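Welcome, and please open your viewer.

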Amino acid sequence: MKGFQIFRRASTAIRNRATPSKLLIVLTFGAAGGAFLAISDDSPFRSLTAGESGNDGGKKKKLVVLGTGWGGTTFLKNLKTSAYDVHVVSPHNYFTFTPLLPSVTNGTVEARSIVEPIRNIVRNKPYNVEFKEAECYRIDPVNKKVYCRSIQNLGHGENEFALDYDVLVIAMGARVNTFNTPGVEEHAHFLKEVDDAQKLRRSIIDCYERASLPTISEEEKKRIMHFVVVGGGPTGVEYAAELHDFASQDLASLYPSLKDYLKITLLEAGNHILPMFHKKVTDFANEKFQKDQIDVKTGSMVVKVSDKDISTKNRATGQIEAIPYGVVLWSTGIATRPVIAEFMEKIGQAGRRVMAIDEWLKVQGCDDVYALGDCASIAQRKALEDAAAIMKTVDKNNAGAVDVGDFKEFVKDIYERYPQVRKYLEKNKLKNFEALLRNAQGDSQKKIDIEALKKALSEVDSQVSFLPPTAQVASQQGKYLAACFNKAGRCEKKPEGPFRFQENAGRYPFHPFRYTIENPFLFTALLLFTFLVIELTGLSICLVGAGVISYKHSGQFAPLGGEQAAVQFPGDWVSIGHASQGLWYTVYAR
Ligand SMILES: Cc1cc2nc3c(=O)[nH]c(=O)nc-3n(C[C@H](O)[C@H](O)[C@H](O)COP(=O)(O)OP(=O)(O)OC[C@H]3O[C@@H](n4cnc5c(N)ncnc54)[C@H](O)[C@@H]3O)c2cc1C
């Protein structure tokens, strides 16, 4: 339970100022469950098993981990093998519980309550570990080296060093996407790190103090007291709501003369705020913000930020407007870090938006390098591309055509290797793979040849989906990857993954990382039960550690201020209002 100190601290901090919205956010870490892992076509775990079995002369493999966020920390927590010398590189010597960052900006939660020192987290692990507080600025996959720069202000040449690796895990997250908008880097605030949250809070208070000075004109007062949030996604919406609560509940009594000057604007380039949510949630958020006098401007694209104005372009009319502001928060999604972009060029991934990893989290086009979390995206293998390989496997006698029933032996493997097949069957209400083949077969007497198989698989890849860049995904990938490292030797001998169609031989050592949607009915029943237990017993954060064995999407949550929240559970089941917070809380208490 040591690893969960952060929850206890956050829990205490929150209880001191207990609003349900805070409780439920803390528990998001609990969803950071696990999953199982597997192996790629060119057997990336080769090197891992060599280290584990000691057949490299007993010398331990050197494992370098870049980043101590959700992905990296969960990986380190769950790594149990002593087969490696582990070197961790990160510019922050602590883990940050990001869902609580917006609450740090208004002081509801203290910054120290949402961080956990990395040295504490890796203490007493079965592996040797060294931590370097530095940022990696170059990855050399040919010579297997990472180049790092200390964040300490040391003398010339003393703050740079190189580390070689046998195995590399990249968990460096992503940077804020500014879309190269002029002035954003210089004038806008971001909300990615604890420092950002503290800086943002100081800037808001500074505005109140400045606006209180007698020398400030009416016009200037209005400008200073105008707080603009750019980006109508969950973070932008949550911050606008938090800021409204902070200003109306705390600052209004401390600065009563400024109450009427306060203005909060939320700018969104698209047509809706919270576009990833159900329409009911968007409508509720809009109504709530209207009531709170938060000005929501959709279709407003920011084209420039200066020290005093933010220029927007109305997407419908093309009209440019310069809006005076006091503080602007930029929260418009994420982009690839420059060091990763440079690495991607070296490994043949130039031009991609996000680094591609396979279903076993191995970086495509690069041996012994894994990546997880926001810095990478799983490139799901297309079933249609492997139609010939599947046919060759099933057609054992090389007859050129087979019976529908001949696929039976491989159906489970097809479902596991290409999860989009099952999703397609569900979406089209087809009972099983056989039904899909029969549809393509036309004449029931006809055998299935490669053309019929291609026809059957022609639409299934439309069901390939991408995992969202969230803490839930990053932490479950970390747990999954660690589990693979832990059992690499065993699974190399006794593989547990699906059949390797491309090689027409053998199995992958591991199951691929899997995204699973919860059964909405079971899920709801479980939620209500857990909610009741929690309500009746007061049981809370101690339950957070319960892991899951594959990625389960637990839904998404948008705090809207005033202790109201909107939650969208799997199956598009939407809950809005005060009770939603309690329900969401139960998601992470499982
Ligand atoms: C304000 C906010 C609220 C959020 N709320 C939620 C939520 O409620 N639920 C949810 O699921 N997700 C939420 N997220 C998203 C979630 O935080 C991310 O998806 C998650 O942090 C991704 O994990 P990661 O390990 O990939 O990256 P991160 O957690 O960002 O970790 C990256 C790590 O890499 C380190 N690093 C950076 N550069 C370098 C370098 N050059 N060399 C070495 N190390 C480096 C960083 O210091 C950090 O330790 C939120 C994000 C924010 C910003």
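How do the residues of the shell around the ligand divide into nonpolar, polar and charged? There are 13 nonpolar, 12 polar and 3 charged residues in that shell. Before you click on anything, please keep in mind that this is a predicted model.

**Stop 1: the ligand and its shell**

Select the ligand and show the 28 residues around it; Gly71, His92, Thr98, Cys136 and Asp374 come nearest. Now colour the elements that supply at least two residues each to this shell: α4 (70-78), β2 (84-90), α5 (101-105), β5 (128-140) and α18 (471-493). Among them, α18 gives the most, with 3 residues.

**Stop 2**

At His92, an N or O atom of the side chain is 2.8 Å from an oxygen atom of the ligand. Move on to Cys136, where a polar backbone atom is 2.9 Å from a nitrogen atom of the ligand. At Asp374 you will find a polar backbone atom 2.8 Å from an oxygen atom of the ligand.

**Stop 3: the cysteines**

Stay with Cys136 for a moment and show its side chain. Is Cys136 buried or exposed? With a relative accessible area of 8%, Cys136 is buried, because buried means under 20%.

Now select every cysteine sulfur. How many disulfides does a search of the whole structure find? The search finds 0. Cys136 is in no disulfide, and the nearest cysteine sulfur, that of Cys148, is 5.0 Å away. As a reminder, a disulfide is a covalent bond between the sulfur atoms of two cysteines.

**Stop 4: a hairpin**

Select residues 300-305, which form strand β13, together with residues 309-314, which form strand β14. These two strands pair in the antiparallel sense over 5 bridges. Follow the chain from β13 to β14 and you pass through the 3 residues of the hairpin that joins them. Show Val302 as well, and look across to Thr312 in β14, which stands opposite.

**Stop 5: two positive phi angles**

Most residues other than glycine have a negative phi. Gln293 has a positive one, near 60 degrees. Look for Gln293 in the loop between α11 (279-291) and β12 (294-298). Gln293 counts as exposed, at 68% relative accessibility.

Asn504 has a positive phi too, near 55 degrees. Find Asn504 in the loop between α18 and β23 (515-517). Asn504 is partly exposed, with a relative accessible area of 32%.

**Stop 6**

Finally, select Ala401 in strand β21 (residues 401-402). Ala401 is partly exposed, with a relative accessible area of 22%.

Conventions:
Residues numbered from 1 in each chain as written. Predicted model: local features only at pLDDT ≥ 70, side-chain atom pairs only at ≥ 80, totals over all residues. Heavy atoms only, no water. Near = heavy atom within 4 Å. Polar contact = N/O pair within 3.5 Å; in protein donor to acceptor, adjacent residues only side chain to side chain. Helix = DSSP H or I, 4+ residues; strand = E, 2+ residues; numbered from the N terminus. Nonpolar A, V, L, I, M, F, W, Y, C, P; charged D, E, K, R; others polar. Disulfide = S-S within 2.5 Å. Buried < 20%, exposed > 50% of the residue type's maximum accessible area, 1.4 Å probe, protein only. Pairing = 2+ DSSP bridges.
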